[in-house]
Each structure stands twice: as C-alpha cells, then as structure tokens.
Amino acid sequence: MEWDWEFVRQIMPTLIEGLQITILATILGAAVAAVIGLVFAILRMTAPAPIARATSFAVEFIRGTPLLVQLYFIFYVLPDIGIRLPALLAGVIGLGIHYGTYAAEVYRAGIENVPRGQWEAAKATNLTARQTWMHVILPQAIPPMIPALANYLIAMFKETPLLSAITVLELMNQAKSIANSNYRYIEPMTLVGVFFLIMSLISVFFLRWLEERYARVDER
Amino acid sequence: MPEPIIRIDNIVKRYGPLTVLDGLSMEVMPGEKLALIGPSGSGKTTILRILMTLETISDGFIQVDGEQLYHVKKNGQLVPADERHLHKMREKIGMVFQHFNLFPHKCVLDNVTLAPILTKGMPRAAAEKRAMELLDMVGLADKAKSMPAQLSGGQKQRVAIARALALSPKIMLFDEVTSALDPELVEEVLNVMRKLAAETDMTMLLVTHEMGFAHDFADRVLFFDRGKIVEEGKPEDIFRHPKQERTQTFLRKIIAAGHRV
Amino acid sequence: MPEPIIRIDNIVKRYGPLTVLDGLSMEVMPGEKLALIGPSGSGKTTILRILMTLETISDGFIQVDGEQLYHVKKNGQLVPADERHLHKMREKIGMVFQHFNLFPHKCVLDNVTLAPILTKGMPRAAAEKRAMELLDMVGLADKAKSMPAQLSGGQKQRVAIARALALSPKIMLFDEVTSALDPELVEEVLNVMRKLAAETDMTMLLVTHEMGFAHDFADRVLFFDRGKIVEEGKPEDIFRHPKQERTQTFLRKIIAAGHRV
Amino acid sequence: MIDWSGYIGLILEGAWVTVQLTLMGSALAVVVAFAAGLGRLSRFMAVRALATTYIEFFRGTSIFVQLFWAYFVLPFAGITLTPLQAGVLALGLNVGAYGAEVVRGAVKAIGREQREACIALNLSRYQAMRHIILPQALPLMLPTFGNNAIELLKGTAVVSLISLTDMTFQAQVVRAQTGNTLIPFATILVLYFVMAWLISLGMRWLERRVSRGLDGLRV
Amino acid sequence: DENKLEELREQGFARVAIANEPPFTAVGADGKVSGAAPDVAREIFKRLGVPEIVASISEYGAMIPGLQAGRHDAITAGLFMKPERCAAVAYSQPILCDAEAFALKKGNPLKLKSYKDIADNPDAKIGAPGGGTEEKLALEAGVPRDRVIVVPDGQSGLKMLQDGRIDVYSLPVLSIHDLVSKANDPNIEVVAPVEGAPVYCDGAAFRKGDEALRDAFDVELAKMKESGEFAKIIEPYGFSAKAAMSTTREKLCAAK
Ligand SMILES: Nc1ncnc2c1ncn2[C@@H]1O[C@H](COP(=O)(O)OP(=O)(O)OP(=O)(O)O)[C@@H](O)[C@H]1O
Ligand SMILES: Nc1ncnc2c1ncn2[C@@H]1O[C@H](COP(=O)(O)OP(=O)(O)OP(=O)(O)O)[C@@H](O)[C@H]1O
Ligand SMILES: [Mg+2]
Ligand SMILES: [Mg+2]
C-alpha cells in the first residue's frame with residue numbers, strides 16, 4: 001500500500017477537528033488535575049490520620065491501575081448509580097483524577113522542599129497559618145513545581161487517545177473513523193503520530209524554558 | 001523592684017526518651033541582656049525555641065510579661081493554650097536565627113515590612129518608613145531593593161535583625177547569629193548587636209560561642225550543661241573565676257580552640 | 001647523566017579564553033621527589049591532571065619515560081595520540097586525589113586489586129597477596145574487608161595510596177592529599193608518604209600546602225604563580241631564602257595563616 | 001444464571017496475558033533503556049544522534065500511535081507481528097525511551113571523580129562502565145525503574161485496542177456476554193492494583209539488595 | 001497468492017477476524033468462538049483440509065486493514081457486502097443476510113423509523129459500531145458526524161441507550177434482537193427492519209490476490225448450500241438460508 005498525498009489532503013480537516021478536541025480535553029483535564037491534586041495533597045498532609053491514610057490508599061490505587069479501565073468505569077458503571085456524564089466530561093474527569101494523583105506528589109514534594117526555617121521564621125514574625133501559606137510557603141513552593149507539572153501535562157496530552165474508547169471524537173478517534181471508512185490506516189495513523197511528535201517537540205523547548213525560568217531560588 | 005518579664009518555672013522538655021531540659025527555672029528582668037553559653041547539646045537553642053513557641057514543653061510553666069505563655073485560665077483552671085493565645089503572646093517576642101531564614105522570594109524591604117503589614121495591619125507607607133529606619137540602623141538602607149540571594153551572610157543576618165525589630169517586640173532572642181558566617185563578616189553583625197544593646201531597653205537573650213562578645217554584651221551569663229543551669233553570674237565572675245568544675249573545663253576548651261575571652 | 005623521566009616542553013593549557021598554563025617547561029629526573037607549591041589557581045592541579053591525561057593540552061609536548069605522552073609518530077610526523085597510546089602511557093603513572101575517589105561499592109581489598117586484575121590480567125590470588133602487602137605498608141591490613149564508608153578520611157586516603165601503588169607506576173602524582181582531612185588525621189597520611197619517599201625510588205610529584213612536609217619530603221621545590229614556574233630550587237633555599245618577591249609574599253601569607261615552614 | 005466461574009476464568013486468562021506483556025515488555029524496555037541511555041553518552045556523534053532520535057521519537061509520539069503503527073502499518077514494510085509481539089514491541093520501546101533518560105541521568109550522577117579515578121587506574125572505558133559506574137548507578141535507577149514498570153503495566157491495557165486478549169479485553173468480552181459492567185471492571189481494577197503492588201514490593205526488595213554496602217557517605 | 005490454501009493446510013489453521021456480535025459471531029464463557037459466520041467458515045475450511053480456525057476479535061473498521069496487512073486470512077464476521085468493500089477485498093458468495101434494525105427507548109419517543117428521520121431530528125443521536133454498515137448508512141442519510149456516536153461494542157451501545165447517551169442504537173435485526181433479549185429491559189423496544197435500508201448479506205472476505213482460495217471456498221459453500229447442511233448451521237441462529245441463496249455476490253457488489 002502506497003502513501004497517498006491526495007488522501008492526506010482530504011482527511012486533514014477532519015484530523016484537525018480531532019486535534020482541537022484533544023487539546024480541549026488536555027486543558028480541561030489539566031485544570032481538574034491541578035485542583036484534585038491539591039485536594040489529595042492537602043488531605044494527605046493535614047487531614048486526621050484515618051482520612052489521610054484513606055486518601056493515600058486511594059491515590060496509590062488510582063496510580064496503580066490503568067486510566068483506560070478507569071475511564072470505562074466512569075463512563076459505563078457510574079450511570080448505574082445515577083451519575084451520567086457526557087463522554088467528554090467523563091474523559092476530562094478521568095484524566096483529571098488520574099493525573100491529580102501525580103500532581104499531588106509534585107505538590108507534596110514542592111511544599112516539603114521549603115526549608116523548615118521558613119515556617120519558623122513565619123512563626124517568629126507572628127504570621128497566622130493562612131498568612132504563612134499565602135505569603136511564605138506557596139510562593140516558594142510553586143515555582144519549582146512548574147516544570148514537573150508541565151511534564152505531566154505533556155504526558156496527559158499523549159494519553160488523550162484513550163478517550164476514544166469512551167466515544168470522545170478526539171484526534172485518535174477521528175483517525176480511526178477515517179481508517180474505518182476508507183480501509184487505510186497508514187496515512188491517518190502516521191499523521192496522528194506526526195501531530196503528537198510536533199506538539200511534543202514544541203513542548204520540549206517549552207519545558208526547557210520553564211526549567212530555566214523557574215530555576216530554584218537559592219537561599220534559605 | 002520590678003517584676004521579671006520572663007519567669008520560667010521548672011520546665012521539662014523531652015524528645016521521646018531523651019530529656020533535653022530537666023526541671024529548668026530562671027527569671028529575666030525587663031531590659032536585661034542575658035548570654036547563654038555552654039557545650040553543644042546542652043539545651044541553649046531549645047530554651048530559645050520554647051520561648052518563641054517553636055516547640056512545646058513537656059511540663060512546667062512559663063510566664064512572659066505577666067501572662068502564662070503556654071497556658072490560659074479557663075474556669076479558674078490553667079489549661080493548654082490555643083493558637084489564638086499563642087498568636088497574641090508572640091507579639092511580645094522576636095527571634096533571629098543562626099541561618100537567617102530570610103524569605104528568599106521577597107526583597108529586603110518586603111522581608112522587613114511583611115509582618116507589620118500582615119500582623120499589625122500597619123499601612124504600607126508607614127511600614128516602609130519604619131523599615132527604612134531599621135535598615136539604616138543596621139547599615140543596609142541601600143540594599144532595600146536587593147533580593148536576599150544577592151547579599152553576603154553578614155548582610156543577610158543584619159536584615160534578619162531588622163525584620164525581627166520591625167515588630168517592636170519586648171523580648172529578642174538571638175541563637176548563634178554569627179556562627180554561620182565567614183569570619184570576616186562576624187564583626188559587622190556584632191557591631192549591630194552592640195548598638196542594639198546600648199541604645200534600646202529591650203530584653204535580650206543571646207546564645208553564642210563568642211565568649212568575648214558575650215562578656216561585653218551581657219549583664220548576666222548563664223552556663224548551661226545537660227539541660228540545667230550549672231552556674232550564673234556577672235560576666236567577669238563567670239569568665240575569670242568560674243566556680244564550677246564543668247564551667248572551667250568548658251572555658252579551657254574554648255580558649256584552646258583560639259577564642260578570645 | 002640519566003635522561004629525565006618527564007620532559008615538559010613549552011605546554012599551553014587554555015579553558016576557553018582563560019590561559020591556565022602559559023608556555024610551561026620543566027624536567028623531572030627518575031626517582032626525584034618534587035613539591036609543587038603556589039597560590040590557589042596557579043595551575044598546580046592542572047599540570048598533574050595533564051600528566052595523568054585527565055585533561056588535554058592546547059599546545060606543546062610532553063615526554064614521559066622516553067615516549068611522547070600526547071603524540072605518536074605516524075609516517076615520520078607527530079600526530080595526536082589515540083586512546084590506545086594513552087592507555088599504554090598511563091601504565092607508567094599513578095595518581096592520588098584530594099578527595100580519595102575510592103570506589104564506594106567495593107571493599108578496601110577490591111579497591112586495590114581491581115585495576116591489577118583488569119588492566120594487567122593479574123591472577124586474583126597474586127593481586128590479593130600484593131594488595132595485602134600494600135595495605136600492610138599503609139597500616140590497614142586489618143581493614144581489607146571494610147567498605148570505604150566505614151573508614152575515616154585518613155584511612156580512605158591511605159587506601160587510595162595503596163590502590164595507586166598496586167599498579168607499580170614509575171611516577172606517582174599526589175594532589176593535596178591531606179587537605180580534605182580533619183587536622184588530627186593529616187599526620188597518619190603524611191607518615192605513609194614519608195615512608196614511601198624513603199623506601200622507593202619512584203618519581204613523585206606532590207602538590208601541597210603543607211610547607212613543612214614539602215620541606216622534608218622534596219628534593220626540589222617548584223613555586224608556581226599564574227601558570228608559570230616563578231622560582232625553583234632546593235627546599236632550604238626556597239623556604240629560607242626565596243629570591244622572588246612573589247614567593248616571599250606567598251610564604252609570608254602562609255606563615256601568617258599558622259602553617260609551620 | 002450467569003456462569004461467573006467461567007467468566008472469571010476468562011479474566012484470569014487475560015491476566016496471564018497482561019503478566020506476560022508486562023514481563024516481556026519490561027525486559028525489552030530494560031535492554032533498550034541501557035542501550036539508548038548509554039548511547040546518548042557515547043563519544044561517537046552518530047551513536048548519540050541515533051539514541052537521541054529514538055528517545056525523542058518514542059517519548060514524543062503517543063503509545064497508542066506506536067501500537068497502531070506496529071500493528072497496522074509495519075506489515076506493509078514486510079514485518080508482520082502477532083498482537084502480542086506488537087504489544088511487547090510498542091510497550092518495550094516506549095517505556096524504554098523513558099528508561100533511557102533514567103539510565104543516562106544515573107550514570108551522569110556518578111561524578112567526575114569516579115571516572116577520573118578509573119582513568120588514573122588505567123581502566124578501559126568499558127571496564128570503568130562495567131565495574132565502577134554502572135554498579136553505582138544501578139541503585140539510583142531502580143526507584144524510577146519501578147515506577148516505569150508500573151506505567152508499563154498500566155500501558156498494557158491499551159493493547160486491548162488492537163485485539164490482544166489481555167485482561168482489559170477479556171473484561172470487555174465478559175461484559176458483552178453477560179451484560180454486567182461492574183463486576184468485570186471492578187475485578188480487573190483490583191487485579192491491576194495487586195500487580196502494581198507486587199511490582200513495587202519486588203523493586204523495593206531489589207533496591208535493598210543492590211544498595212547493600214553502599215550506605216554511608218559516598219566520598 | 002496461488003498457494004495460499006496449501007500454506008493454510010500446512011500450517012493447520014486459518015486466522016479469521018470476527019466481531020463479538022451475536023448471532024453473527026460470539027465468544028462463550030469458555031472463550032470458544034461460535035456464531036453463524038465462524039461456524040460456516042470452520043466447516044468449509046475443514047472440508048478444504050484446514051482443520052482449525054483461530055479467531056481474533058476485532059473492530060469492524062480494523063478488519064479490512066488487518067486483512068490487507070496480513071493479520072488475518074479471512075474475515076468471517078457479518079461484514080456486509082458493499083461496493084467499496086468489494087473493491088477492497090475478495091468476497092465469497094453470500095452467507096448471512098439481514099436487514100438493519102434500531103433499538104430505542106420504549107414508545108419510540110422521537111418517532112425514528114429510518115436513518116433519514118435521524119438526520120432530520122437535530123436532537124437525535126445514533127450509536128453504531130465504528131466502520132460498520134450502520135455508521136455509513138447514517139452518514140449517507142445526512143446525519144452529521146457529531147450525532148453519529150461510534151460505539152465500541154453492542155453491550156456498550158445498549159448501555160448508552162439505557163443511560164440516555166444515545167437515542168437509537170442500530171445493528172442488523174438479529175443482532176439487535178439478541179442484544180435486547182439478553183438485556184431483558186422492558187424500556188427498550190426494537191424497530192425492524194429500518195425503513196428504506198436495504199437487506200444486506202455478508203460473505204467471507206479474503207485478501208485481494210487470494211482469489212484462488214476464495215474460489216475453493218465458494219465451491220465448498222455451494223455444495224453445502226445444495227446439500228442443506230448450510231441451512232442446518234445458520235438457521236438455528238435465526239438466519240435464513242433462502243435469503244442467502246437467492247442472491248449473488250455480483251448483484252450485491254453492484255448494488256448502489
Ligand atoms: N527535634 C529534635 N528531636 C530530637 N532531639 C532533639 C531535637 N532538637 C534538639 N534535640 C536534642 O536536644 C538536645 C539539646 O539541643 P539544643 O539544640 O538545644 O543544644 P544547643 O545547646 O543549642 O547546642 P549547640 O551549641 O550545638 O547548638 C540535643 O541533644 C539535641 O540532639
Ligand atoms: N574545567 C575547568 N574549566 C575552566 N577553568 C578551569 C577548569 N579547571 C581549572 N580551571 C581554572 O584553571 C586555573 C588553575 O586551576 P588549578 O586547579 O590548576 O589551580 P591550583 O593551583 O591547583 O589551585 P588550588 O591550590 O586552589 O588547588 C584556575 O583559575 C581554575 O579556575
Ligand atoms: Mg544551638
Ligand atoms: Mg589544586
């Protein structure tokens with residue numbers, strides 16, 4: 001079977017439509033992950049022991065099982081208990097929860113990396129707990145997290161094809177649909193690969209920039 | 001005869017099986033300058049951290065400026081204090097750390113103004129005016145806009161002193177404020193401290209291994225060993241005529257290591 | 001008159017725009033003990049690292065034991081040496097580092113036997129026998145089975161010396177072998193070095209800030225400054241009657257810092 | 001009444017396929033991780049370029065694309081792989097690319113001082129790598145390798161999309177046959193979790209083994 | 001290629017692609033493959049001297065590319081003959097015939113009777129297997145892409161219908177009946193056949209170039225149709241042997 005440029009031209013608009021959904025799902029998923037991750041992190045670090053332990057277990061469980069199966073679960077099992085989510089929303093929530101567990105780790109490490117002396121200095125200057133978090137801890141903890149978080153954002157982007165399994169018409173699903181009706185896999189699949197490669201090469205440079213920009217503040 | 005501003009009454013501090021302070025009692029008069037000396041691990045840092053409420057105590061009572069530090073009265077009974085009470089008490093106390101602990105993401109000026117603005121609701125303009133006075137006092141008015149990372153160790157420590165002073169505490173705690181500094185930077189920090197001791201009537205507690213400075217600075221010297229005060233007195237007496245065997249050994253060692261007494 | 005074992009001929013070493021060695025020439029006779037002294041950054045470490053082929057040279061020639069170190073003859077012309085040639089030349093040279101650089105995952109004995117077994121194909125039994133002799137020489141026969149992490153700094157450095165000796169090099173290079181050690185551990189390493197100097201006819205190049213030891217150890221002292229040899233001579237002459245201004249200044253500073261000369 | 005025992009059997013068959021995929025994929029991943037990770041540190045430009053291309057390509061394109069490519073496009077180049085082979089290949093090469101960076105990082109973390117000691121003792125580059133650098137780098141790699149292995153385990157679920165009868169696929173079959181969604185999916189979630197847990201247990205054991213004697217200061 | 005049959009005989013089995021869509025194709029609790037299409041294929045391959053078939057489950061859309069990529073030797077999955085498909089693969093003579101059907105909510109609230117009805121109702125969403133006939137019919141009738149939901153398998157389709165994610169799920173009549181009867185859900189009803197949709201027949205599909213194998217297959221198929229053994233295999237599944245015997249590949253491949 002030969003590569004067919006005419007066919008490529010023909011399917012390009014459809015694929016780009018899919019790419020838009022892919023990007024949308026990534027952005028929404030990232031937002032959900034950022035928030036859920038924070039919830040996980042705070043529960044694990046500050047909640048009473050039983051809740052903290054339960055959260056830890058949930059995080060471990062989510063991280064140890066495939067996103068694909070979790071998506072099936074959200075999409076096909078949750079309606080049995082009356083939660084019926086549209087496909088894209090189910091996908092975004094699945095991505096968000098799954099990657100939220102990774103984000104939680106990043107948050108935790110970022111917060112624990114703020115030296116103990118900073119907490120003590122905040123106390124010695126009589127800041128309240130809230131003020132300490134807002135003005136001293138988070139401003140120092142967040143910048144170093146950014147590269148790690150961006151890394152997961154890119155990983156998540158590359159996992160969006162899973163959403164095709166729950167009928168979201170993202171890039172991969174569009175490609176499959178094209179392949180299905182034209183009996184040609186070479187062009188659509190290769191193009192999907194090329195799209196991902198381009199996006200990820202761009203993101204490599206973006207990441208380098210982030211890493212430089214948010215290099216560690218070198219004072220304790 | 002005025003009341004003591006700090007009255008420590010038989011306090012005990014344990015870390016697990018380790019007893020670090022073992023029934024310690026002492027009193028400090030308002031305006032007094034105290035030097036705490038003694039071998040490593042004897043509990044000097046611990047007592048300062050307890051006064052700053054960075055640790056809790058296992059037993060005993062501490063009264064600061066007429067109020068219990070770790071306890072509040074409730075229905076006529078003393079019960080452990082809540083965060084609100086601690087917050088109120090901390091207003092009276094400031095601390096300068098061995099490793100400065102400046103906020104690295106804020107410029108020098110913001111380091112000094114942050115707490116007054118947040119905790120006392122001071123207007124920014126007033127806070128900055130006062131901060132500039134303090135920075136001037138420690139000789140760093142021209143560094144107001146620098147970030148901590150751009151300063152030398154001695155400069156950082158002087159900023160830390162200004163930051164603690166900005167809250168106008170009645171009591172200042174200094175924990176080995178020069179021991180993380182390169183030798184040539186020690187003097188600039190000690191000069192600030194001398195000025196402070198001479199010009200203010202703040203109560204000051206100083207942990208140090210600089211015996212010469214302790215001698216000049218302090219009204220009274222406490223010698224700590226293994227969580228107890230072994231000997232106390234005027235600097236001349238402690239340094240020239242120590243009575244206790246342990247004090248003598250300690251001072252001999254310090255002199256052998258090249259410190260001036 | 002024997003041939004020099006090392007002949008350094010007008011070498012230049014640059015790091016980017018920085019010229020670290022600037023047309024340096026020197027000769028070392030077989031069995032000679034040389035001390036290289038001089039201020040920080042003057043290029044002492046660099047010349048040792050070049051001899052050990054840890055760096056390359058920007059220009060010039062080095063002859064070791066009658067052969068070019070960085071060049072080989074090809075069709076009558078000198079061309080840059082390949083890895084094979086360097087490998088052959090390294091057999092003649094051993095080095096001991098400031099930070100020991102022991103292999104942390106191997107026990108003391110394996111640290112010493114590894115290279116003889118791998119590079120010389122020595123049978124393990126023979127290698128271990130020789131290693132035990134060397135460990136005995138440095139006073140560590142009883143530590144043969146210890147891991148490096150269980151040793152003190154002085155013990156580590158003595159193992160490192162034994163490890164370098166195990167390959168029986170003709171030339172030994174020592175780069176500030178005691179300056180990473182606690183003061184009380186320096187002497188045990190210097191003792192081993194003294195023994196070595198007295199008992200073997202190896203050629204030795206020593207970079208040190210211990211002027212007293214340099215004095216006792218060396219046949220000849222080279223004073224380096226800014227990538228050049230400023231002055232050289234017998235230890236008595238250099239230390240007691242330095243001719244050059246820069247040497248005098250350097251020695252004055254060192255004495256002020258409390259080092260015995 | 002539904003014959004659950006039979007269907008559980010089906011899922012267990014799938015679990016065995018998942019285990020095989022994970023083991024073989026991990027084996028391939030380890031091999032290519034070392035090859036590419038050390039390749040990136042090679043002194044030969046061509047080797048470095050090759051390794052870098054491989055790593056960026058497989059980290060850059062998604063595992064799904066790689067899988068579909070291996071399954072549907074490779075045959076046109078005359079390479080026909082069974083679904084299992086395609087799955088192992090895609091998973092192994094994908095995770096191997098991430099592992100390569102781990103290998104490279106760990107090897108680089110073993111400082112200049114150790115390399116210089118090797119040169120001073122006249123070890124060849126191979127000998128230095130084999131006897132000095134890798135034995136010290138390995139303990140640094142293992143924790144991340146453990147995470148990578150779990151990522152690979154999770155990745156195996158994706159092969160169900162190319163009709164490989166792994167655990168997720170069998171759960172789909174059971175679901176189609178029985179009309180029950182909860183039971184098969186809940187079952188495999190638990191099974192995946194148990195597998196992930198076994199992997200981390202195993203890695204922790206390995207870590208303890210390889211880092212024996214290394215505790216204490218590295219000077 | 002000419003020697004394909006020889007190869008298969010030597011190898012002892014043929015690899016076939018199936019879906020998992022009873023009664024066309026099915027997988028039992030023991031993992032055994034059944035269904036009308038594989039049963040017929042198994043019997044014919046046996047007669048051709050190939051004792052076994054090895055089936056792998058695949059999406060409809062992936063079957064033809066898989067065949068072309070050499071992943072399967074034949075497709076026996078109820079993949080209906082259509083002109084484009086005839087151009088892509090070599091079909092045997094017709095085997096299983098069926099019309100299209102809809103499963104929808106009880107009472108057919110949106111009054112959907114044809115693919116055209118779906119196209120005309122901007123609220124109606126149809127679910128169909130990816131790359132299957134139904135997806136094509138819906139798209140051809142003018143249903144926009146975003147209202148044609150590609151559903152991975154029958155169970156998912158039914159579930160999505162029950163959950164209200166789609167309004168109608170379309171499959172061949174027998175498949176829908178099988179699915180709905182298994183679900184046993186009083187809130188689901190079936191519209192069969194769909195108005196205006198033709199009756200389709202499938203055949204075993206072979207790679208272009210394997211026509212010799214296809215022809216051999218056809219010979220045995222004709223013999224079985226003759227002897228009535230064909231009817232014996234497919235009729236218990238609900239298919240009509242007469243329908244398959246009353247048309248030909250040539251007719252079906254030419255049909256618009
Ligand atoms: N968080 C802690 N957990 C356990 N033990 C502690 C802790 N903090 C301090 N200690 C122990 O308490 C004892 C007293 O420590 P402290 O820091 O008060 O000594 P110090 O007099 O300040 O000594 P130095 O001169 O070395 O600073 C020491 O034995 C120390 O090991
Ligand atoms: N890898 C390098 N890149 C750039 N400059 C270097 C490098 N290594 C050494 N230098 C520079 O070369 C000069 C000579 O360094 P060298 O280490 O030889 O000095 P030294 O005499 O051993 O000093 P010290 O007594 O401090 O060990 C210094 O200015 C140093 O900064
Ligand atoms: Mg202390
Ligand atoms: Mg040096």
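The crossing of helices α1(D) and α6(D) is right-handed, meaning that the near helix is turned clockwise from the far one by less than a right angle. This is a predicted model, where local features need pLDDT of at least 70, side-chain atom pairs count only at pLDDT 80 or more, and totals for chains, interfaces and linings use all residues. Residues are numbered from 1 along each chain as written, chains are lettered from A in the order written, and side-chain values use heavy atoms, without hydrogens and water.

Helices here are DSSP runs (H or I, at least four residues), numbered from the N terminus.

| Helix | Residues | Contact residues include |
|---|---|---|
| α1(D) | 4-39 | T18(D), L21(D), F34(D) |
| α6(D) | 125-155 | M129(D), M141(D), F145(D) |

The axes of α1(D) and α6(D) come within 11 Å and cross at roughly 140 degrees. Contact means heavy atoms within 4.5 Å. The residues of this contact divide into 12 nonpolar, four polar and no charged.

Chain D also meets chain A. The contact takes 34 residues from chain A and 35 residues from chain D. Together the two chains bury about 3,000 Å², 77% of it on carbon and sulfur atoms. Buried area is the accessible area (1.4 Å probe) lost on being put together, summed over both parts. V69(A), Y72(A) and K158(A) lose the most area on the chain A side, together 17% of what that side buries.

In chain E, R214(E) sits in helix α9 (residues 211-227). R214(E) is buried, at 12% relative accessible area (buried is under 20%, with a 1.4 Å probe and protein chains only). Not counting residues up to four places away in sequence, R214(E) touches A90(E), Y91(E), S92(E), F206(E) and R249(E).

How values were computed:
Axes fitted to C-alpha atoms, helices over the stretch in contact; angles between N-to-C directions. Helix = DSSP H or I, 4+ residues; strand = E, 2+ residues; numbered from the N terminus. Nonpolar A, V, L, I, M, F, W, Y, C, P; charged D, E, K, R; others polar. Buried < 20%, exposed > 50% of the residue type's maximum accessible area, 1.4 Å probe, protein only.
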